[in-house]
Amino acid sequence: MICLFVATSSSNGLAALLAREFDDKIVRIEKKIFPDGELYVKIPPFKDDYAVVVSSLYKPQNEHLMELLLVLEALNGLNIKKIIVVIPYLAYARQDKRFLEGEPISVKVVLSSIEMNGVSAVITVDVHKEDSLKEWLNVPYDNIIPVKEVAEYFRKIKNVKVLAPDKGALHRAKLIAESLGTEYDYLEKFRDRITGEVRILPKNLRFEGNNILIVDDIISTGGTMALAARSALENNALKVYAYGTHALLVKGALDRLYEAGIEEVVSTNTVLSPISKISVHLSVKESLKKFL
Ligand code: R5P
């Protein structure tokens, strides 16, 4: 098969790593900004049947999204049999419903605008809620969680238990814990009926004598992780480690995390950051094989 890996400006090296795995070619798009601020893209000439476009939609999200849409439209004008889009970080995924009257379902806008540009399949990495893909995509999709890579990175920690900061993140904790061959749990809010005090406690596990690995999809302000870390330490955990697939790291997040006593914070290369130490390309490769 002749496949072309198209690196947008937010591919983060993943297009090249994937091309290397498949022993295929990569093109980097030509990009410029017109004097009025509008974006121009062009794809260098090629003769391949399949195109895999890699575009992570982190900050500046709107610019990266527009670039992706223009690249897809450009590919539509070429003689391509299949266009597959890899979206390592899906922007707007947390606005997945109308929380308040008058709000948009932002993730629907993002996914449907991508799909309507002639895409055959979509691969995402650890989206906030996989249900969004089911609901708003009509083309085949796959959402990967880089379980093997994360477990491999943290295998060095002895006596580790895996903790989700809330019930919604439990599926991720379960997968990583199973790969590490250990137990997992999530934190639950309890309110003291007499004093009204709110405490965040592990649902089932005891942490005494154990190291704790907290796992979540996104580290944004770091507030969620910091709270979970404090709870683990208050419950006698030895050391606390944190993994978040997407390191958005806004508003001094790293200081907040280390201040909470976390030993090490690690993320993937879906978003570039000082803690993006794990590459997701091997999991994406396995997923791509299903569509090529
Ligand atoms: C929320 O539901 C997400 O899964 C993350 O827990 C959240 O986005 C993390 O945000 P922050 O780092 O600002 O607490």
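Where does the ligand sit? The ligand sits in the largest pocket. A pocket is found on a 1 Å grid over the protein atoms alone, as an open set of points with protein on both sides within 12 Å along at least five of seven lines. A molecule sits in a pocket if more than half of its atoms lie within 2 Å of its grid points.

The model is predicted: local features need pLDDT of at least 70, side-chain atom pairs count only at pLDDT 80 or more, and totals for chains, interfaces and linings use all residues. Residues are numbered from 1 along each chain as its sequence is written, and side-chain values use heavy atoms, with hydrogens and water left out.

**Stop one: the ligand**

Select the residues around the ligand: Arg-94, His-128, Asp-216, Asp-217, Ile-218, Ile-219, Ser-220, Thr-221, Gly-222, Gly-223 and Thr-224.

Next, select Asp-217, where a polar side-chain atom lies 2.6 Å from an oxygen atom of the ligand. Thr-221 places an N or O atom of its side chain 2.5 Å from a ligand oxygen. At Gly-222, a polar backbone atom is 2.8 Å from an oxygen atom of the ligand. On its own the ligand has 380 Å² of accessible area, and the protein covers 79% of this; such areas come from the Shrake-Rupley method with a 1.4 Å probe.

Now colour β12 (211–219) and α7 (223–234), the elements that give two or more residues to the shell. β12 gives the most, with 4 residues. Helices (H or I, at least four residues) and strands (E, at least two) are DSSP runs, numbered from the N terminus.

**Stop two: from Pro-60 to His-64**

Select Lys-59 and Pro-60: the peptide bond from Lys-59 to Pro-60 is cis, with omega near -5 degrees. Pro-60 lies in the loop between β5 (50–54) and α2 (61–76). Continue to His-64 in helix α2. Is His-64 buried or exposed? His-64 is buried, because its relative accessible area is 8%; buried means under 20%, exposed over 50%, and partly exposed in between (1.4 Å probe, protein chains only). A polar atom of the His-64 side chain lies 2.8 Å from the backbone oxygen of Tyr-58.

**Stop three: two positive phi angles**

Select Asp-126, in the loop between β7 (121–125) and α4 (130–136). Its phi is near 40 degrees, a positive value in a residue other than glycine. Asp-126 is buried, with a relative accessible area of 0%.

Then select Lys-251, in the loop between β13 (240–247) and α8 (253–259). Lys-251 has a positive phi of about 50 degrees, although it is not a glycine. Lys-251 counts as exposed, because its relative accessibility is 68%.

Select Glu-264 in strand β14 (residues 262–268). Glu-264 counts as buried at 16% relative accessibility. Which side chain does Glu-264 join through a polar contact of 3.3 Å? The partner is the side chain of Lys-156. A polar contact is a pair of N or O atoms within 3.5 Å; within protein, one must be able to donate a hydrogen and the other to accept it, and residues adjacent in sequence count only if both atoms are side-chain atoms.

Finally, select Leu-111 in helix α3 (residues 106–115). Leu-111 counts as buried, at 1% relative accessibility.

How values were computed:
A residue is near a molecule or strand if one of its heavy atoms lies within 4 Å of it. On a 1 Å grid over the protein atoms alone, a cavity is a set of points where a 1.4 Å probe fits but cannot get out, and a pocket is an open set with protein on both sides within 12 Å along at least five of seven lines; lining residues have an atom within 4 Å of a point.
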